[in-house]
Amino acid sequence: MPDDLRPHGLLDAFRAILGPNGMLTQASDLEPYLADWRGLYRGQAMAMLRPARTEEVSACVRLCAEQGITIIPQGGNTSMVGGATPEARPDQVILSLARMNRVREVDTADMTMTVEAGLVLARAQQVAAEHGTLFPLSLGAEGSAMIGGLLSTNAGGNTTVRYGNARELMLGLEVVLPDGGVIHGLRRLRKDNTGYALRHLFVGAEGTLGIITAAVLRLFPAARETATALCAVPSEDAALALFRRFRAADEGAVRAFEYMSGIGMGLVMDHIEGATLPVAPGFEHFVLVDLSASREGAGLRGLLEQVLEAAMEAGEVLDAALAESEAQRAAIWRLREEHPEAQKRAGASVKSDVSVPVSSVPELIRRASAELVKLIPGSRPVPFGHMGDGNIHMNLEQPVGMDPAEFLARAHDIMDCVNEIVRDLGGSFSAEHGVGRLKTDMMEAWRGGAELSAMQAIKAALDPKGIMNPGKVLP
C-alpha cells in the first residue's frame, strides 16, 4: 500500500465514500467487533466500514483491491468457528452489513421476500408473519444473526428437517465481487437454467469469494396449527425410532425433531433462570417434537397423541409433556435453545458441529460420548441437536474443577476424537457452523485432492489478490 494512503489518506478515502456516519475508527468503538462470540479469536482492524448501499460496498471493495487491504465481512458476528473475526494484523478493515437492513420487497404471489444482507433473522421472520407468510429459518442466534451471514455459512437450524438449509431458502443473490464488480442476481425464478448457478458459489463460502449484499428469500404458508411435546426416551435408538414413527405417520407435519441428553438438560436446569422441566426428572435422553400445518383442522394434536401412545406401548417413550398453550410451547423450546448458554455458564466447552446419516445418529452419540470420557476422564458429553437431519452438536463440557485453559488446550484432540467416529460413519466434520478459522486444518484430510483443488482454483479466479476474509475455509 502506498505510504500516502497509510493510514490517514486511506481513511479519508473511505470517509468520502461512506459519509460521516459510515465508519468506526476509535479503538473503543471497534472493540466489540474484534473478537468472536465464543472468545476463541481476537484480531485487529484499522476501521470498520459501515456502508448503507450496495454502491458504497462496491466502492469500498474496489479501493481495498487497489490498495491491497484485506476485508473481513461481518454480520451479527455470531460465528461459532471464528468466521467473521479479523486476523492479528492492522492492515485490514471489517466491513459491516448492519446498516444495509432494509426489506426491499415482499411478493405474496411469488411467495418471495427481497431483503438486504444486514437484516436480522428475527426481523425477517416478523416481516414475513406481517404478510401472512412464513420464513422458516430458525436458530438460537436469530435475534442477532443477519441474513448475509446466514447465507454465507449456509446456516441450518431447527427446521432443516422440513425446509432445508439456507441454500434451499434462497432464490437469488446480489453480490459484490473482490474487484468491486456487482452480480445483480436478485431473480425470483424457481427455474433458471442459464449457465452456472453462480449464486450457489457464495452460499457457504463464508465471505471468501465476495460479499452478499441482498437476497431473494423463499416464503411459505404460515402455520395455522401446531403441536409440540417434550418426550423422555430410554435410549438414542428409541429417539430415532420415535422420529421414524412421526415420519411414517405424516412426514410433512414434522417441522423439528431435536435430541437432548440428560446431562445437557441438567446444565440448563442448573444455569438458566426460569427453566422448568415439564416431565419427571432423572431421565437420560429427551426429544422435542414440533409439528405444524398450514391449514386449520389438520388434527395435529390427535396425531401427536396417537404416535406417542403407540410409542409408549412399545417402550420407546417413558414420559411426555404436550404443550397446551403458546407459552408452554415456548418454554419447551427454551430448554433446547438455552443449551449453548448453559454450557457457557457451566465452564469451558469444546463444540463439534458434525453430521452423519440420520440412521447413524444413535451410534455417533454412543460411541463419541464413550470415547470422549476415555480421552478426558470426568468430562461431560453434551450431545444435542437436529436428529431429524443427522446434525448433532457433539459438545464436551470440562470436568468440574479442571482449569478451563488446560481443558481448551485439548480442543483439537477432542475434535479429532469425534471426527474419527464421524468419518467412520460417513459424515462431515462441519454440518451447519462452517469452517471459519477453527477447522481450516481439517480441510486437507477431509476434502483434499481434486475437491480441494477445485475450491482453491475458484478462490484464485475470483479473488486473485486474496483480500476476501483471508484465513477462513481454505488451508
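Are α9 and α12 roughly parallel or roughly perpendicular to each other? Before the answer, a word on the basis: this is a predicted model, in which local features need pLDDT of at least 70 and side-chain atom pairs count only at pLDDT 80 or more, while totals for chains, interfaces and linings use all residues. Residues are numbered from 1 along each chain as its sequence is written, and side-chain values use heavy atoms, with hydrogens and water left out.

Helix α9 (residues 262-271) packs against α12 at an angle of about 70 degrees, and their axes lie 9 Å apart; here axes are lines fitted to C-alpha atoms, for helices over the stretch in contact, and angles run from 0 to 180 degrees between N-to-C directions. The two helices, α9 and α12, are therefore roughly perpendicular to each other, given that angles under 35 degrees count as roughly parallel, over 145 as roughly antiparallel, 65 to 115 as roughly perpendicular and the rest as oblique. The names follow DSSP runs numbered from the N terminus, with helices (H or I) of at least four residues and strands (E) of at least two. On the α9 side, Gly 264, Met 265, Leu 267, Val 268 and His 271 meet His 339, Ala 342, Gln 343, Arg 345 and Ala 346 of α12, where contact means heavy atoms within 4.5 Å. By class, the residues of this contact of α9 with α12 are five nonpolar, four polar and one charged, with Ala, Val, Leu, Ile, Met, Phe, Trp, Tyr, Cys and Pro counted as nonpolar, Asp, Glu, Lys and Arg as charged, and the others, Gly among them, as polar.

An open sheet of four strands runs in the order β1-β2-β4-β3 with mixed pairing, two strands being paired if DSSP finds at least two bridges between them. Because β1 (23-24) and β3 stand at the edges with a single partner strand each, one side of each is left without a neighbour in the sheet. β1 pairs with strand β2 (residues 47-49) in the antiparallel sense over two bridges, and Met 23 stands opposite Leu 49 in β2. Helix α3 (residues 54-67) packs on this sheet, where α3 touches β2, β3 and β4 (92-96) and its direction makes about 165 degrees with that of β4.

An open sheet of five strands has the order β5-β6-β10-β8-β9, with antiparallel pairing. Its edges are β5 (103-107) and β9 (182-185), each with a single partner strand, so one side of each has no neighbour in the sheet. On average, and with direction ignored, neighbouring strands of this sheet are turned by 15 degrees against each other. Strand β8 (residues 170-176) and β10 run antiparallel and are joined by six bridges, with Leu 173 standing opposite Ala 215 in β10. Helix α3 packs on this sheet too, touching β5, β8, β9 and β10, and its direction makes about 45 degrees with that of β8.

The empty spaces remain. Rolling a probe the size of a water molecule over the atoms shows where empty space is left. On a 1 Å grid over the protein atoms alone, a cavity is a set of points where a 1.4 Å probe fits but cannot get out, a pocket is an open set with protein on both sides within 12 Å along at least five of seven lines, and lining residues have an atom within 4 Å of a point. Grid points are joined across faces, edges and corners, and a volume is the space filled by probe spheres set on the points.

The largest pocket holds about 1000 Å³ of space, and of the 48 residues that line it, Thr 78, Ser 79, Met 80, Ala 141 and Ala 145 are the closest to its centre. Among the elements that give two or more residues to this lining are β10 (211-218) and α12 (339-346), while α5 gives the most, with four residues. The lining of the largest pocket divides into 16 nonpolar, 24 polar and eight charged residues.

The structure also holds two cavities of 30 Å³ or more. The largest cavity has about 40 Å³ of space and is lined by Phe 135, Leu 137, Ile 147, Leu 151, Ala 166, Leu 169 and Leu 217, a lining of seven nonpolar, no polar and no charged residues. The second largest cavity, of about 30 Å³, has three nonpolar, one polar and four charged residues in its lining.
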